[in-house]
Structures are given as structure tokens and as C-alpha cells.
Amino acid sequence: MTGRPLSADLSVTLGSLALPNPVMVASGTFGALMDRVLDVHRLGAVVEKTITMDPRKGNPHPRVWETPSGMLNSIGLDGPGLEGWIKKRWPAVQEYRCKVILSVSGRTVEEFGELVRRLDQLPRVDAFELNISCPNVSHGMDLATDPAMTEKVVRVSKAATRRPVFAKLTPNVTDIVAVARAAVEGGADGISAVNTLRGMAVDWRKRAPAIGAVTGGLSGPALKPVALRMVWEICSALPKVPVIGIGGISTADDVLEFMVAGASAVQIGTASFVNAQAATQIIDALPGKLEAAGVSRIRDLIGTITAKAQKPSS
Amino acid sequence: MAGIYNGDATVVRQDRYSTNCWKMTLAVPRHDAVEAGQFCHILTEFSTDPLLRRPFSYWDVRDGDDGTLHVDLLYTVVGRGTEAMARKAPGARMGYLGPLGLGFTPKPAKTWVFVAGGVGIVPFYFFAKQARARGRNPRMLLLFGGRTEAMLYGIDDFAGVGVEAQAVTEDGSRGRKGLVTQLIEEQLPALDRKDLQVYTCGPERMMEAVVRIARREGLPCEVSMEKHMGCALGACGACVTRVLSDDGADWRYSRICIEGPTYDACRLVLE
């Protein structure tokens, strides 16, 4: 095997969306100066930070807190709003030679549709991701705890675009399959699973929460087993639905674990904070892993896990 | 900032500087010139716990004799990341991302007053050294406060870069007993306030008090902020401070890793 160039085929598809490799950067973990360090053009796709209709200041400091093998964040969807994003961010984003997925969050079901409709007019958007699962904003935006609302939001958003729409789900539910099923019922082209898990850290000496907003979303390696379990549950129940695995993915092995569990692609989040080039280093490590396992096409691994989710026995 | 280096750094040496304070020299490939007041983001362990990087101001930067850049970090042990750093021996490797952020603005004023508290002293040594090397000749006066003499980190190094240092300690173990803000009030009458520039770095409460004095006296002041950081590249939105909005009518959160860590005090909205 020495000296032979690694030639594994990393391409995958998410419904009609074809990616040169399965590695994306997750919403809210990429932007600003990160593209000065990370070679963004080599990614499978970029998922932009969630775009809201109006500018948002975000939550009070402290907004992040390190926890064992993870971190809590409560940023609060700060951002320039739709107009500000188009003015400030779009000029850079449209130069990216990778696929571009726009993440949106509305205050109401209708606002999701309006955001998608307006952004759909931009020339090179490849897909949308509906952030119906941010645990850090009030006014009941955590829509993905409710299957009926999830279906509604997806339906309205799908009506506003012909491009693929993915629903990003929260792990803060008892039965994520029910929510995934509702999203698909509403017309979702795929599922992004999962957002952060609600958590808390306490500074007992100050008798105070460590995070300014009291609770935050847990991400990083500590989240991985939970995310992997949920991806596996969704993929077992809905084998034809493309799933993007998210949650603590930091290595090429993590990527392959999610794909074997059923994910067609993955997103890297917290790992990019640990190492801004994590995503491309993971892409570089995949061919060697596949060759060593005698796998020539990464897509052949998707959903090959031998265990299927069991229906609860009655 | 075209040449941000993201990769390994090798520990060249590590010395205990005073109680709970260490000076570490790292060798990194030559990267963009560091402006005093910028910082680097250090991955202390290649592990998942501790997971995140820690930001450090540069104490000194110089060319190493081995073709690398030698970076000095002066730091206190405050938690698990810095505990891990303090255990590193020469040859150990850590992750390095830098240089990052915006450095201090060298102002044309005839007198620069550095107001520092505790480990907030760090950026001023390189600032003075760099300014002197670039032929700037303001009078530089350091007003330095610490809890004890042992916490006046590096104070005796400043004479070598042409800085007059005055200290206060909370226990009176060196200099007057008191707070650095009292030292400013004492010194101000003797200074030409029309040709003065204040720079400050230290605990948040101290910097707020310095900013209030500067505003009261109409003195220009630059502040170097620190907050818990995530990515240090402006992507995550963790390290924010309140600044006036661009039209001045409201405030907004500014990401200190890319818009700071240095700010003109006029822009800050004290919480």
C-alpha cells in the first residue's frame, strides 16, 4: 500500500444535494475570521450561523463555560438580522466554492417561511436548515419539542423554496423519532440531528450559575453518545430519510461511527473551536481510515450497523 | 492578519516567576509580526478534558536562534488549563493559534501611563519594548497594583525598557498600601493632562474604575479586555463586551477576539 495515493471516494448525497465529502461546519461555529485559518472550499458544505429576521443582541456574558469533555453555550442567536446578514456576510459566503446551507430561525411559523422566501432569492444557496431547536432563546422557539409545530414550520418553509430543506432537531425530547417523522411529513428533505442538550453549570462559591443566561446548550465530545443514539434511532425508523449527524464529532473515526449508525453526512461544531482546521484535518484523515478497512466509497458505510432500533415491547 | 499560524508550539523553557506565576517560552514557526496587545490562543492539552483553548497576551516576542519565533507567555495558574501548562517541561508540545486580535494603538502623546492590576501587566512589557524599538520616546509611567509584592509580576523588568514603575499593594508589602486607582489620583496633579495617554489592563472592576477616572478627567484611554473565549476567531460569539452602536444611539455586543481585545475607552458601555 505504500506510495499509492489515497483514492477513497468521499462523495455523498443528501437527497438532491450532492457533496464532495460528508464533512460540514455546523451553524454558529463558523464565520468571521475562521475562513482565514480553515480552507473552507474543501468542505462538504458550510452551514451559516442562524439568520433571524431582525438583529439580535444575544445573551449576557458569560456565554460559554467549559465542562468535562464539553462546553455549555448560551449565545442567544446574536446576529445582524436578515438585511444585515445579506449586506455584511453574503459577499464573503457567495465566494465559497463549497456548498452553502443557510440556517434560519423565525419567531413564528410564518417568519420561517418569510426568511426562506427572501433568502431563496439569493443566487447560490444550496439548501436551508431550519433551526427549530436553539435551546437559548425565549419566545418558545424550541419548536422541535412539538411534532405538530415541527410539521407546520417545515411545510411553510418548503412552500417558500424549491431547494432542499433540513430540519435541525433538539435532543431535549423523549421521542426524537416522532419529531423527525413529523418533519418528514411536513416535507423535510432531511434531518439534522442534533442541536445542543440543555445543561447547567454552577459556581457554588458565588452561589450563581456559571452561564449568564443560567442554562446553556451542551456540545462537544460529552454530547456524542447521545447524538449518536438519536441519529441511529431516526435512521432505523426512517431509513430513506437523509440524516446529518451532529454532536461532539472531533475525529475521522467519529464521522465514520455516525455514518455507520445511519448518517449520510456530518457537521463539525465545537471541534472547530478546539482546532479551527479540525474539519479539513478530518477530511484528510478519512481516506486512510477507509483504505485500512477496505472500503472504497464512504457512502457504502451509511447505515450498515447491524443493530436496528427495537420497538418497545408491549 | 493574513498569516495566522495554527499548529504546534514547542516549549523551549519554563521558569517559575513568582508565587503562582510562570514564564513559558514557546517556539513557533515565524508568522505575522505581533503587535503588542495582541494575543494567542493556546491548547494546553491534546485531550478532550480540558477541551477548549485559553487566550494569552504576549509578554515578549523575538526571533529564536533556530529560525523559529520565540514567544514568552507570563501567566498565573487559575484553573485546569493553566495548571496543565505549569507542568510542561521543555520539549512538550501545545496547540498555538496566533497572533489574534488588535493590539494597542501607539498614540503621539508625550506621556503614556500604563495602569495595570495583577496579571494584567502582561501586554505592557512588550508594548513598551516594541515602542522603544520603533523609536518612540514618550515618557512611560507604570502604575501597578497587586494584592501582595509577589503579585507585582515582572515589575522589575520594566526599567530595562525605559518605564518608570510605581507600585501599590493591598497589604503594603511593596509601595504604598492601597489600590492602583488611588495611585492614579495621586499622580495626576503632577502630570501634563493635555498630553497624556492612558492604557489599562487588569481586573474588570479595576479597569472600570480607571475608565471612570479617565472620563472624569477627559483623558484618552485604551483598555485591554479579557473574557471567556471559544474560537477566538469571531465565529462563536462567546467573548463579548458592550460597546456603543455604530450610530452611537444604542449599545451592541462586540466580539473582543476580533474587534478587541483593545478598545478606546470612549466606545465601552460599562455594565
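This is a predicted model: local features need pLDDT of at least 70, side-chain atom pairs count only at pLDDT 80 or more; totals for chains, interfaces and linings use all residues.
User: Into which domains is chain B divided, and how far apart do their C-alpha centres lie?

Analyst: Chain B is divided into domain 1, residues 5-100, and domain 2, residues 111-226. Their contact takes 17 residues from domain 1 of chain B and 16 residues from domain 2 of chain B. The C-alpha centres of these two domains are separated by 24 Å.

User: How many residue pairs are in polar contact between domain 1 of chain B and domain 2 of chain B?

Analyst: Between them the two domains of chain B bury about 1400 Å², with 59% of it on carbon and sulfur atoms. Two salt bridges are counted between domain 1 and domain 2 of chain B. For polar contact between these domains, with both residues at pLDDT 80 or more, the count is seven residue pairs.

User: Which strand gives the most to the side of domain 1 of chain B that touches domain 2 of chain B?

Analyst: By class, this side of domain 1 of chain B has 10 nonpolar, five polar and two charged residues. Strands E1 (5-18), E4 (54-57), E5 (60-63) and E6 (69-76) of chain B each supply at least two residues of it. The most, three residues, comes from E6(B).

User: Why does the pair B:Asp60 and B:Lys129 count as a salt bridge, and what is the distance between the closest N and O atoms?

Analyst: The cut-off for a side-chain nitrogen of Lys or Arg and a carboxyl oxygen of Asp or Glu is within 4 Å. B:Asp60 and B:Lys129 form a salt bridge because their closest N and O atoms meet that cut-off, the distance being 2.9 Å.

User: What area is buried between chain A and chain B?

Analyst: The size of an interface is often given as the accessible area lost when the parts come together. Here 33 residues of chain A are in contact with 32 residues of chain B. Carbon and sulfur atoms give 61% of the buried area, which is about 2700 Å².

User: Which three residues supply 25% of the area that chain A buries against chain B?

Analyst: The side of chain A that touches chain B has 15 nonpolar, 12 polar and six charged residues. Its largest share, four residues, comes from E5(A), the strand at 64-67. The 25% of the area that chain A buries against chain B, more than any other three residues supply, comes from A:Lys57, A:His61 and A:Glu66.

User: Which residue of chain A forms a salt bridge with B:Arg255?

Analyst: Between chain A and chain B, three salt bridges are counted, as are 12 residue pairs in polar contact, both residues being at pLDDT 80 or more. In the salt bridge of B:Arg255, the closest N and O atoms are 2.6 Å apart, and the partner is A:Asp78.

User: How are the rings of B:Phe104 and B:Tyr199 arranged, stacked or edge-to-face?

Analyst: B:Phe104 is in the loop between strands E7 and E8 of chain B, while B:Tyr199 is in strand E12 of chain B, 95 residues apart. The ring centres of B:Phe104 and B:Tyr199 are 5.5 Å apart and the planes stand at 75°. Planes over 60 degrees apart count as edge-to-face, so the arrangement of this pair is edge-to-face.

User: What is the omega of the cis peptide bond from B:Gly260 to B:Pro261?

Analyst: B:Pro261 lies in the loop between helix H5 (256-259) and strand E16 (262-264) of chain B. The bond from B:Gly260 to B:Pro261 is cis, and its omega is near 5°.

How values were computed:
Residues are numbered from 1 along each chain as its sequence is written. Chains are lettered from A and ligands numbered from 1 in the order in which they are written. Side-chain values use heavy atoms; hydrogens and water are left out. Domain bounds come from an automatic or database domain assignment. Contact means heavy atoms within 4.5 Å. Buried area is the accessible area (1.4 Å probe) that two parts lose on being put together, summed over both. A polar contact is a pair of N or O atoms within 3.5 Å; within protein, one must be able to donate a hydrogen and the other to accept it, and residues adjacent in sequence count only if both atoms are side-chain atoms. Ala, Val, Leu, Ile, Met, Phe, Trp, Tyr, Cys and Pro count as nonpolar, Asp, Glu, Lys and Arg as charged, and the others, Gly among them, as polar. Rings of Phe, Tyr and Trp (its six-membered ring) pair if their centres lie within 6.5 Å; planes under 30 degrees apart count as stacked, over 60 as edge-to-face and the rest as tilted.
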